[in-house]
Amino acid sequence: MEDSKTAPAPKKSSLARPRNVVFLVLGFIGIYYALPQIGSLTDTWTVVRHSNWGWILVGLTFSGLTFPAATFTQFIAGGNLGTASELGLRQLAGAFLSHFVPFSLGTIGLTSSYYQRLGKESAQATTAATLP
């Protein structure tokens, strides 16, 4: 018994897909902005070596306290819904994500979806995520 059907022709593969072009452009933009920062690392290390380490520790301490403070504020604004540790992780992930999207939309989106998963309606979740 011969099969009278022929195999379909393989699709042509192209490297110039819109997704690849977007990633290439974003890569070039990232390199364009990262190179000056990498080039000035020697200046940064010179300043750090000649600075007062007490003030550096004070700055790092207060910078580190911003995440627990944001977590506490978000936990209270959300009506004590969920756990503070989950919200803390979302605050940290949102802070990273906000480097790539404007107006803290990364943090708001992550927190809003977290509250929606815990049973809040969309409008209430977005309000609770936006208020603090």
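Me: How many helices and strands does the protein have?

Reply: The protein has six helices and zero strands, and from the N terminus on its elements run α-α-α-α-α-α. Please keep in mind that this is a predicted model.

Me: What share of the residues is buried?

Reply: Buried residues make up 13% of the 132 residues in the protein. The accessible surface comes to about 10,700 Å², and 69% of that surface belongs to carbon and sulfur atoms.

Me: And the contacts, how much of them is between residues 24 or more positions apart?

Reply: Among the contacts in the protein with a separation of 6 or more, residues 24 or more positions apart account for 42%.

Me: Let's go to α5. Which of its residues are buried?

Reply: Helix α5 covers residues 105-117, and its buried residues are Gly 106, Thr 107, Thr 111, Ser 112, Tyr 114 and Tyr 115. Those buried residues pack against α3 (53-77), α4 (84-97) and α6 (122-130).

Me: What span should α5 have, and what does the model give?

Reply: At 1.5 Å a residue, the 13 residues of α5 should span 18 Å, and the C-alpha atoms at its ends are 18 Å apart, so the two values agree. Just after α5, Gly 119 takes a positive phi of about 110°.

Me: Tyr 115, then: buried or exposed?

Reply: Tyr 115, which is placed in helix α5, counts as buried because its relative accessibility is 0%.

Me: Which residues does Tyr 115 touch?

Reply: Not counting residues up to four places away in sequence, Tyr 115 touches Gln 74, Phe 75, Gly 78, Leu 81, Leu 87, Lys 120, Ala 125, Ala 128 and Ala 129. With Gln 74 there is also a polar approach, in which the backbone oxygen of Gln 74 lies 2.9 Å from a polar atom of the Tyr 115 side chain.

Me: How far apart are the C-alpha atoms of Ala 125 and Tyr 115?

Reply: They are separated by 5.3 Å, although the two residues are ten residues apart along the chain. For Tyr 115 and Thr 126, eleven residues apart along the chain, the C-alpha separation is 8.2 Å.

Me: Tell me about Ala 125 itself. Where does it lie?

Reply: Ala 125 lies in helix α6, and it is buried, with a relative accessible area of 0%. Leaving out residues up to four places away in sequence, Ala 125 touches Ser 112, Tyr 115, Gln 116 and Lys 120.

Me: Which residues make up the largest nonpolar core?

Reply: That core has six residues, namely Phe 75, Leu 87, Tyr 114, Tyr 115, Ala 125 and Ala 128. The elements that give two or more residues to this core are α5 and α6. As a general background, nonpolar side chains in soluble globular proteins tend to be buried together.

Me: What is Leu 87 in contact with?

Reply: Leaving aside neighbours within four places in sequence, Leu 87 is in contact with Thr 71, Gln 74, Phe 75, Leu 81, Thr 111, Tyr 114 and Tyr 115.

Me: Switching to rings, how many aromatic pairs are there?

Reply: The count comes to one aromatic pair. The rings of Tyr 114 and Tyr 115 have their centres 5.9 Å apart and their planes at 45°, so the pair is tilted. Tyr 114 is itself buried, with a relative accessible area of 5%.

Me: Now α3. Which residues are buried there?

Reply: In α3 the buried residues are Thr 71, Gln 74 and Phe 75, and the buried residues of this helix pack against α4, α5 and α6. For Thr 71 the relative accessible area is 10%.

Me: What does the side chain of Thr 71 reach?

Reply: The Thr 71 side chain reaches the backbone oxygen of Phe 67 at 2.8 Å. Not counting residues up to four places away in sequence, Thr 71 touches Ala 84, Leu 87, Gly 88 and Gln 91.

Me: Last one: which residue caps the N-terminal end of α3?

Reply: Asn 52 caps that end, with a side-chain oxygen 3.0 Å from the backbone nitrogen of Gly 54. The 25 residues of α3 should span 36 Å at 1.5 Å a residue, and the C-alpha atoms at its ends are 36 Å apart, which agrees. Just after α3, Gly 79 takes a positive phi of about 75°.

Conventions
Residues numbered from 1 in each chain as written. Predicted model: local features only at pLDDT ≥ 70, side-chain atom pairs only at ≥ 80, totals over all residues. Heavy atoms only, no water. Helix = DSSP H or I, 4+ residues; strand = E, 2+ residues; numbered from the N terminus. Expected span 1.5 Å × (residues − 1). Buried < 20%, exposed > 50% of the residue type's maximum accessible area, 1.4 Å probe, protein only. Contact = heavy atoms within 4.5 Å. Polar contact = N/O pair within 3.5 Å; in protein donor to acceptor, adjacent residues only side chain to side chain. Core = buried A, V, L, I, M, F, W, Y, C linked by side-chain atoms within 4.5 Å. Areas by Shrake-Rupley, 256 points an atom, 1.4 Å probe, with all protein chains shown as cover. Phe/Tyr/Trp six-rings, centres within 6.5 Å; stacked < 30°, edge-to-face > 60°.
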